[in-house]
Each structure stands twice: as C-alpha cells, then as structure tokens.
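Let's take a walk through this chain together. Have the sequence to hand and turn the model around as you read.

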Amino acid sequence: MGVTAGGLATFGVTDLTQGKWGYTGSEVTDIWSYIKQTGPAAFRINTEACQGLLKAETIYASEGMVDVVFAENSTDTVTCTWNIVVPEGKFMTVVFDKYHSGDMPLCKKFDILLIIDYNQKTPIQYLCGVSGLLPPISYSLTNTLCFKVQYIVDRNALKSPLDIKFRFNTTDKNWRQNLHVVNMSLKSGYVTSPGFDGTMEYPNYLNSSTTITPPPGHTVMISFPRIDIEKQEYCSYDYLTLIKVDTGGETEIWKKCGAENIPPLVFNSSLRLVFVSDIMWVKTGFKMLFSFHPYLETPEEVDAGVFNCSVPYYHTFKDHVHCNMEKECQGGEDEVSCPYTNPSCGEGLIDGEKKCYRFENQTRNITWNKALTACHSYGQQLVTLKTEQEWRDFQRILDYGKRSAYLYVGLFSTHISDFDLMYGNVLQWIDGTMAHYIQVEEPDLYFDTSACFIMQFGYNVILSYVKCNKNYTVKLVCESPKNNASQKSQTFPTLPVVNEIETPDSIQNASFVKCLNKQISVDFLSCAKESNCDVDNYISFCEIPGKQQLPMFNCDNTQTIPYTLVCDYRSDCVDGSDERFCKFSVCEEFACNNQQCVHHSGL
C-alpha cells in the first residue's frame, strides 16, 4: 500500500533575521504601542490603541494565543493591522477559540476581520458576523500572515460585543496543498478536506491533493459519507475532482461540488483527489473512505451503487455502506441493526422516538401538493416538527444519512387576514398547529400568498419557501405516530358559535362562543381556565381560526392541552412548558406585558 501527498511548492520568505524570533517561554522586552505580551505565549491586541498608526506591529513567535481587545464605548471607526511571523521555511495554522463579531447587519457594510497572506493582495479569509460559530482554520502559504480588524461603530447595528481570540502554531507541511490522510489499518483509511470535522468549514484558497495507491494485486473501494462543497454551475469555484491514475496517464472520473449522494466506487488503479477552494464562500468539506481488496475479494456491483453483500468478506467493505439510510446492499444487509431501526415501526421505516418515518431511496420530481397526497397513500403525512425537541430528534436521524437531498415538510403559510393578530407572521403545520418557534425573516415574501416549505438538509438544516404547485426534485419523507394502530381518533364537541355580536376591532377576525354560563369568549381561549368558560363541565375544542380538529399538545409533565393554547401568552400546562419555547414576531401595534400584540383600536 502506498499513500502519497501532494508536493510542497517553494514560496518567497521575509528578510527577517532569526535573532528577532520569540518562542514559548521567552520574554518580549520591547514596549509595543498596541501589542502586549501577557504570558509566555500570549498576546493582547488593543484595537483602540491602533488608531492613527501607519506602521503595523509584528509578533515573532513559533506559537501563541492572541486576544483581540475592543473598546466598549468606542464611537469612531476602528482599523487595526498587525503581522504574525513564524520561522522561515515553516507554515502557520490559525485556529479560533472565540469569534463573536456582533450581529449580522454589520456584514452588509464591511468585514470585521481579514487575514492576508504575505505578498498576497487578496485576503485568504473574510470574517464577519458569525456570532456563535467558529470560523474555519486558516493555513498560510508562507511564514507570515497579516491580520486587519476594521469596523464602524453603528449603535443601531452593533448589538452584541466583539470578542475574538485565536491561537497560532508552526507546521512543516503546507496544508493548502496537502489533503489529510488517516490510515485506520494496513488496508483501510480515510481522506478529508483540511480542518474537516463535520461542522467546521474548510479554508479559502486551497489547492490540495493526495494520491491513493492500492498494493499490487488489489483493487480500491471508495465512498463518500460526507460531501458539502460550495455549489455553483459547472463547479467553477470550489470543487473536488477524482482522477484515475494508471500506466496510460490520468483520466478525470468526475468533478463535484454542492452536496451530492455519491455511491461507492471500485477501481483497479491508483486514484488522485484534488480539492480546490476560492477566496469567498465555503462549506464543511468532505470525507472519503478507502479500502483495499484482493482481486478475488473485490466487492461486486450488481446494479448502479448496489453491491452483493451476501459474501464471506462483506465485513471488509461494510463501512462503505452500513447504516447510512441508503439501500446499497442487494439484500438490505446494510440497513439491518442500525440505531434508527425498530420493530415497532415496521420493516423499512425509521425510528424517530415518538414517530416512524418513511425515507424513499430515490428522488421524485413532484410538487408539494402531490407529495402530501403521496404520503396520504401510505397512511402517513408530510413531516411535522412542532417543537424544538422534535427538530432535534429529526436532525439526529438525518445525521446518519449522506445529507444531500431536499425534503418537503408539512409547513405552509396562509393569508395573515385569515388569523387573529396574535397569529400574524406565524407558519402553520398541516395538522393545524402553529409553528410559533420558527422565526420568519422576510414574511412579506410569502405571507401575502400561500406558500409551502422545503427543507435542505446538510450540516445545517435550512427551510426555504416554494410554490405549492411547482415541481422540485426531492426525497419523499413521510411520518406517522409510532403507535398509530393503537391510537383512536379524538373528537371534541364544539361550543355553539355566536355569529352576530358587536366585536372590537382587535379581534374582528376571530370566532366567538357562548359559554354555559352565558359568557361570550373567543373560541381559541375558551378552554383556558382564566376565560371562566366552565371547561370542567363542558369539553370544548379550542379551534384555531380556519382549522378544525387539532391534535393535543403533550406538556413535559404528561399533561395534555389543546394545541390552540400553546404559545397564547399564558401558561396552560402546570409546568409552563406550553409557553417555554415560544417566539413571537415584533409587535408593530400595542405590546402587552406578556408579549401579546393587540391593535391600538382595540384598546
């Protein structure tokens, strides 16, 4: 077996002398204007002290921690530049421990931190408002990196403090030209993009490669459990190229970007991987498994991406196909005894704690409306994720898959005028429950007309709105309760509706009911004890305007309440769990102390 990495290129270096180098444990005697050494390998950058200085100060060290300090009450534009230099002939790796650069509105105006390689006019990283997320690792092309902080103090935009801390160290390898190769055994291993861990983004300015060479008399099998690369037409910016290398030369097999499902492949030659990224947007990268097999034990592909796994040597290639929610064994051996399989859901269904999911293996080009009908034909419905816990459970299941598909979800919007003001800018699940915790950034785009939603699942699950009657290529995913067969449908008698009544403008779109004690109440509050609607003696169904027959909400303490009492600005569960996760749109009318929004005309 032979695994070789791409060769190193020769770069220019600075004219600095070795006498200026610091090292771990050294003391810096110079009094710098805005850089202070606070420990053996710790430095503090005071950005306010940079103002008006034309010369960039320099840190000479083999490793260290840098803490960037921002003035809390600064009122001016801040610009600060400094250099970090490691020994000649070496390269630098920069890893962020903290990066909180304020709110996203700042990014529309400028970048907070730029990292520029020596003699490079274009920054290798533009970093802005990634509050709560760590930036990708930075790898230098030379032994010198320039750091530039710039921000305009905007009290309307900057709502959270700036906090940047990173560490740097010296490496002999130029990781911009070398892909990471890990040998798990003499006959197996994996290759990843630099800095890959499934959540961290890959660096900009990469042109890295590696070659996988099987031993004589062996073939090589490869698979991609993860591929998440910036997507563009023709893959012209960031891309991964697979090249077959044999005595006849090199032959490009494919060039990929985006998030694709790539089936396992088998070759009887060496393979070269080339990964390229440009100066702008990045994703989380890729991971490729490889294994070597004697000719007589080469995995047999019986159909495109499907293998014969009923062989004694299945264990030698099991890792390529096992438990990834794709049927890649002819007999289904790869999807047996997986963490997400459970007899209570039945064969072919995925266990999702309280639900069972059906994931179709092939994609369909259908509309949201037809997907809804297709799920009904299975006795199921489109996925509904009505609480944050359900989202987390569903995300856990998606983590096993290859993360490269779009899914319709049972979420849609209706006209605001159809609902009471408290439901404004809130989406609705197909079973009638309201998606209070899903925040709408640009509601005007789809609340004026009916729209449906599609989920792109990658390393970050993203919801996008689509036209309900337009075709999209998706994987169909349907759900049903885990104990669906034993569940009985619940029906609730409704209170008589009062049609003619003088109502204030604040609730003119709502329906009203006459309680047993002759009190008039809004129908979706009639179940609340605070409404004094004699709920103990008369079971009413608290109807959301525009929808009938809703399921019940399960409180954390096993209590159940009608879903219309969830996120209604009062605690109806004894433990308050029906209001704990709620988020509401900004109120442009009158905001009550409990966050409820009412029209000024109704006051």
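Helices (H or I, at least four residues) and strands (E, at least two) are DSSP runs here, numbered from the N terminus. Counted that way, the chain has 39 strands and three helices. What you're looking at is a predicted model, where local features need pLDDT of at least 70 and side-chain atom pairs count only at pLDDT 80 or more, while totals for chains, interfaces and linings use all residues. Residues are numbered from 1 along each chain as its sequence is written, and side-chain values use heavy atoms, with hydrogens and water left out.

How far can you trust the picture? pLDDT is the predictor's confidence in each residue, from 0 to 100. The chain's mean pLDDT is 76, and 70% of its residues reach 70 or more. Where pLDDT is low, the predicted coordinates should not be read in detail.

Now for the overall build. A contact means heavy atoms within 4.5 Å. Among the contacts in the chain with a separation of 6 or more, 67% are between residues 24 or more positions apart. As for burial, a residue is buried under 20% relative accessible area, exposed over 50%, and partly exposed in between (1.4 Å probe, protein chains only). Of the 603 residues of the chain, 51% count as buried.

Next, look inside. A nonpolar core is a set of buried Ala, Val, Leu, Ile, Met, Phe, Trp, Tyr and Cys residues joined through side-chain atoms within 4.5 Å. The largest one has 33 residues, and W82, F166 and F168 touch the most other members. Several strands each supply at least two residues of this core, including strand 5 (64-69), strand 7 (91-101) and strand 12 (162-171). Zoom in on W82 and, leaving aside residues up to four places away in sequence, you'll find it touching Y34, I45, V68, C146 and F166, among others. A second, separate core of 29 residues includes I212, Y239, L242 and L271.

Then there are the cysteines. A disulfide is a covalent bond between the sulfur atoms of two cysteines; here, a pair of cysteine sulfur atoms within 2.5 Å counts as one. By this rule the chain has eight disulfides. Take C50 and C80, whose sulfur atoms are 1.8 Å apart. C50 sits in the loop between strand 3 (42-46) and strand 4 (57-60) and C80 in strand 6 (residues 78-85), so this pair ties together parts that are 30 residues apart in sequence. C50 is buried at 4% relative accessibility, and C80 is buried at 1%.

Further along, C345 is joined to C356, S to S 2.1 Å. This link is left-handed, with -85 degrees about the S-S bond. C345 lies in the loop between strand 23 (306-307) and strand 24 (350-352), and C356 in strand 25 (residues 355-366).

One more pair to find is C555 and C573, with sulfur atoms 1.9 Å apart. The torsion about their S-S bond is about -70 degrees, so this disulfide is left-handed. C555 counts as buried at 6% relative accessibility, as does C573 at 2%.
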